[in-house]
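Subject: Handing over the structure

Hello,

Here is the structure I promised to pass on to you.

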Amino acid sequence: MPAEPALTAEPAEPADSPDPLEFRRAMAEFATGVTVVTAVDGDEPVGFACQSFASVSLDPPLILFCADRRGRSWPRIRAAGRFCVNVLGEDQADLCARFGSSRGLKFEGLDWDLSPHGTPQLRDVLLNVHATVHAVHEAGDHDVVIGRVLSVRVHEAPGGVWRRPMLFFRSRFGVHPPDVPFAPDPWGEGDRWGWG
Ligand SMILES: Cc1cc2nc3c(=O)[nH]c(=O)nc-3n(C[C@H](O)[C@H](O)[C@H](O)COP(=O)(O)OP(=O)(O)OC[C@H]3O[C@@H](n4cnc5c(N)ncnc54)[C@H](O)[C@@H]3O)c2cc1C
C-alpha cells in the first residue's frame with residue numbers, strides 16, 4: 001500500500017521557494033483572461049492591463065485584482081476610489097499593448113466613454129465591471145484590491161456574432177502547442193514587474 005503523505009510535514013525552507021522568474025514561468029501555465037482596469041483621477045483617465053482579476057463574493061458582489069505597487073496607475077485608481085474592469089476580447093491585443101507597458105499609449109488617441117459612475121469604459125470590450133475600492137491588502141510586492149461591484153454591463157455581440165475572449169497563456173495570447181516556447185519578455189521591458 002502506498003505510504004500516506006505526512007500531514008505534519010515541515011513547511012519548505014525559504015531556500016526551496018522559487019525565484020521570481022521561475023515563479024512567473026510556473027504561473028504562466030495558468031491561462032487567464034485579460035482586463036484593463038481604468039479610473040479617472042482628477043480630470044485624467046488612467047489604466048493598466050491586468051490579468052489577476054477574479055470574482056470573490058456573490059452577495060455582496062465583490063471582485064479582486066492584484067496591483068504591482070511600482071505601477072503608476074494603481075495609486076491614482078486608489079485615489080479615485082472607483083474603477084472599471086474592462087474585459088478584453090481576443091481581437092483587442094492593441095488595447096493590451098497600450099495599457100500593458102510603460103511605453104504604451106494608454107488613452108492617447110483612444111475613444112472611450114465616461115460611465116454614469118464616473119469610470120472610463122473602453123469600447124467594444126466583452127464586459128464592464130464598475131466598482132468602488134472596498135479594501136486593499138498588502139501582499140508582497142503587490143496590493144490585493146477588493147472591489148465592491150456597483151454595476152456590470154455585458155456587451156451584446158454585434159449582429160449576434162459571438163466574440164472570443166482574450167486568453168493569456170505562457171506570456172502569449174491564445175493557447176499554443178507545447179513546442180511554442182514561453183515568452184519571457186513579450187514587451188521587451190525586462191523582468192521588472194513579474195507578471196505572468
Ligand atoms: C497581459 C498582461 C497582464 C498584466 N497583469 C498585471 C496584473 O495583474 N497586475 C499588475 O500590477 N500589472 C499587470 N500587468 C503589467 C501592467 O499592465 C504594466 O506594468 C503597465 O505598464 C502598468 O501601467 P501603469 O500605468 O501602472 O505603470 P507605468 O507608468 O506603465 O509603469 C510601469 C512600470 O514602469 C516603471 N516606469 C515607468 N516609466 C518609467 C521610466 N521613465 N523610467 C523607469 N521606470 C519607469 C514604473 O515605475 C513601473 O514599474 C500586466 C501586463 C500585461 C501585458
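Below are my notes on the ligand site, the strands, some backbone details and the salt bridges.

First, some ground rules. This is a predicted model, in which local features need pLDDT of at least 70 and side-chain atom pairs count only at pLDDT 80 or more, while totals for chains, interfaces and linings use all residues. Residues are numbered from 1 along each chain as its sequence is written, and side-chain values use heavy atoms, with hydrogens and water left out.

The ligand site

The ligand is surrounded by 24 residues, where a residue is near a molecule or strand if one of its heavy atoms lies within 4 Å of it. The closest of them are Ser52, Asp68, Arg72, Ser73 and Lys106. Arginine 72 places a polar side-chain atom 2.6 Å from a ligand oxygen, and serine 73 also has a polar side-chain atom 2.6 Å from an oxygen atom of the ligand. Of the 960 Å² of accessible area that the ligand has on its own, the protein covers 79% (areas come from the Shrake-Rupley method with a 1.4 Å probe; for residues, only the protein chains shown count as cover).

Which elements give two or more residues to the shell around the ligand? They are strand E2 (44-50), strand E4 (62-68) and helix H3 (93-99); E2 gives the most, with four residues. Helices (H or I, at least four residues) and strands (E, at least two) are DSSP runs, numbered from the N terminus. By class, the shell holds eleven nonpolar, eight polar and five charged residues. Here Ala, Val, Leu, Ile, Met, Phe, Trp, Tyr, Cys and Pro count as nonpolar, Asp, Glu, Lys and Arg as charged, and the others, Gly among them, as polar.

Five of its seven residues are buried, so E4 is largely enclosed by the rest of the structure (buried means under 20% relative accessible area, exposed over 50%, and partly exposed in between, with a 1.4 Å probe and protein chains only). Strand E3 (53-57) pairs with E4 in the antiparallel sense over four bridges, where two strands pair if DSSP finds at least two bridges between them. E3 and E4 form a hairpin with four residues between them, and serine 57 stands opposite leucine 62 in E4. E4 also pairs with strand E9 (residues 142-154), again antiparallel, over seven bridges; there, the bridge partner of leucine 64 is isoleucine 146.

Backbone details

The loop between E3 and E4 contains proline 60, which is joined to aspartate 59 by a cis peptide bond with omega of about 5 degrees. Lysine 106 has a positive phi of about 50 degrees although it is not a glycine. Lysine 106 lies in the loop between H3 and strand E6 (112-114), and counts as partly exposed at 25% relative accessibility. Serine 171 also has a positive phi, near 60 degrees, in a residue other than glycine. At 2% relative accessibility, serine 171 counts as buried.

Salt bridges

How many salt bridges are there? The count comes to nine, taking a salt bridge as a side-chain nitrogen of Lys or Arg within 4 Å of a carboxyl oxygen of Asp or Glu.

Glutamate 29 and arginine 170 meet in one of these, at 2.9 Å, N to O. Glutamate 29 lies in the loop between helix H1 (20-27) and strand E1 (35-41) and arginine 170 in the loop between E10 and E11, so the pair ties together parts that are 141 residues apart in sequence. Glutamate 29 is partly exposed at 45% relative accessibility, whereas arginine 170 is buried at 19%.

Arginine 69 forms another with aspartate 143, the closest N and O atoms being 2.6 Å apart. This pair links arginine 69, in the loop between E4 and helix H2 (73-80), with aspartate 143 in strand E9, 74 residues apart. Aspartate 143 is buried, with a relative accessible area of 3%, and arginine 69 is partly exposed at 34%.

Asp41, Glu44 and Arg76 are linked in a network of salt bridges.

Definitions and conventions:
A polar contact is a pair of N or O atoms within 3.5 Å; within protein, one must be able to donate a hydrogen and the other to accept it, and residues adjacent in sequence count only if both atoms are side-chain atoms.
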